[in-house]
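Visitor: I am new to this structure and would like to learn how to read it. Could you show it to me and take me through some of its features?

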Amino acid sequence: MTLLEVRDLTKHFPITKWGRNVGAVRAVDGVSFTVPRGRTVGLVGESGSGKSTTARLVLRLLRPTSGGLRFDGTDLIAKGPRELKPLRRRMQIVFQDPFAALNPRMRIVDAVGEPLEVHGLATGRRKRNRVGELLEHVGLPPGDMDKYPHQFSGGQAQRIGIARALATGPDLIVCDEAVSAVDVSVQAQVLNLLKRLQRELGLAYLFIAHDLNVVRYVSDEICVMYLGEIVERGEAETVFSAPAHPYTEALLAAVPSPDPAKARSHARVIAPGDPPSPRRPPPGCRFHTRCPHAFDRCRTERPVLQEVSPGHHAACHLRDPLGGSPRGREEAS
Ligand code: SF4
């Protein structure tokens, strides 16, 4: 059952010079996906692909330029700040840097308990009891609630961030690079904690990360983003075992492999260069400036996301009947 529905969402940040509008950064440009209840959707892509902006749009921390956004059937775009407040209880975020997300002068009981007070759920003794339960839930002793953030390790601080996100009893948690800032040795513990909480509480996650191994471990479905667009979407195992877009292939090729033969065969498809600026995305397929298979059509015509196998979508001319024509393949070679 769909919990979050994102339809054709865009966010263009205007660029002004001397008070005049001279262009826009097209951070998110027509993104569509759904997050089913109790499932994890991974959002991957290089830095600047629009993942974090998408996360902020989904939580309505940013106002979209256009597009549709529904949470549990409710239209989020139409809601004002007052109407959004009760919905925000049900949508929380875990940030990349747990220390930056915690006020260094606030004890943990107040940091984790803050959302309880903001939403009028508990104060005083009831708040302390609830914070104790939440800390236990994330594997920390309730006695830690009177400590300050600097008294914890990075992994423990991220557990506190998760406890804070759980405080209001959400249905959806956006994990924005939630394990990128913790040691590799601690990453697995945090990921396993997130999986356990999902099983126990029926949570849905929108899991944003640049590390494909991490995304593969937690995700049921994956959306691959490039320069503000989703270029591939499908079940995690399908996308990883049979990528349908050259950009996904390039991302997978960049993942270190313990198998030397595999590493050699993948090395040929790594995308050269940096992504172009979202201020001036290339015409046609946005990936054509880096794609080893680009041909004439790619430089002028924008490929649309279409189904390449049941539930598996890709936006690449090589994947549609025209693009797969002998001429296209000749030009690609
Ligand atoms: Fe490469 Fe063309 Fe496919 Fe874009 S549409 S990914 S440039 S082959």
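Guide: Gladly; let us begin with the inside. A nonpolar core is a set of buried Ala, Val, Leu, Ile, Met, Phe, Trp, Tyr and Cys residues joined through side-chain atoms within 4.5 Å. Here the largest such core has 61 residues, and those with the most contacts inside it are Ile-162, Leu-166, Ile-173, Phe-207, Ile-222 and Val-224. Its largest share, six residues, comes from α7. Another core lies apart from it and has 30 residues, among them Leu-43, Leu-76, Val-174 and Leu-206.

Visitor: Before we go on, what kind of model is this, and how should I read the labels?

Guide: This is a predicted model, in which local features need pLDDT of at least 70 and side-chain atom pairs count only at pLDDT 80 or more, while totals for chains, interfaces and linings use all residues. Residues are numbered from 1 along each chain as its sequence is written, and side-chain values use heavy atoms, with hydrogens and water left out. Helices (H or I, at least four residues) and strands (E, at least two) are DSSP runs, numbered from the N terminus. Buried means under 20% relative accessible area, exposed over 50%, and partly exposed in between, with a 1.4 Å probe and protein chains only.

Visitor: Which residues is Ile-173 in contact with, leaving aside its neighbours within four places in sequence?

Guide: Contact means heavy atoms within 4.5 Å. With those neighbours left aside, Ile-173 touches Gln-92, Val-94, Ala-165, Leu-166, Leu-203, Ala-204, Tyr-205 and Leu-206.

Visitor: Now for charges: how many salt bridges does the structure hold?

Guide: Side chains of opposite charge can pair when their charged atoms come close. A salt bridge is a side-chain nitrogen of Lys or Arg within 4 Å of a carboxyl oxygen of Asp or Glu. The structure holds 25 of them. One joins Arg-290 to Glu-46, with the closest N and O atoms 3.0 Å apart. Arg-290 sits in the loop between α11 (260-266) and α12 (296-300) and Glu-46 in the loop between β3 (40-44) and α1 (51-58), so this pair ties together parts 244 residues apart in sequence. Arg-290 counts as buried at 5% relative accessibility, whereas Glu-46 is partly exposed at 23%.

Visitor: Where do Arg-196 and Glu-200 lie?

Guide: Both are in helix α7 (residues 184-201), four residues apart, about one turn of the helix.

Visitor: Are Arg-286 and Glu-229 buried or exposed?

Guide: Both are buried. They form a salt bridge of 3.4 Å, N to O. This pair links distant parts of the chain, with Arg-286 in the loop between α11 and α12 and Glu-229 in strand β10 (residues 229-235), 57 residues apart.

Visitor: And how do I read a sheet?

Guide: Strands of a sheet pair through backbone hydrogen bonds, either parallel or antiparallel. Two strands pair if DSSP finds at least two bridges between them. An open sheet of four strands here has the order β2-β1-β4-β5, with antiparallel pairing. Its edge strands, β2 (20-36) and β5 (74-75), each pair on one side only. Two bridges join β4 (residues 66-71) to β5, and Arg-70 stands opposite Asp-75 in β5.

Visitor: How many disulfides does a search of the whole structure find?

Guide: A disulfide is a pair of cysteine sulfur atoms within 2.5 Å, and the search finds zero. For Cys-223, the nearest cysteine sulfur, that of Cys-175, is 15 Å away.
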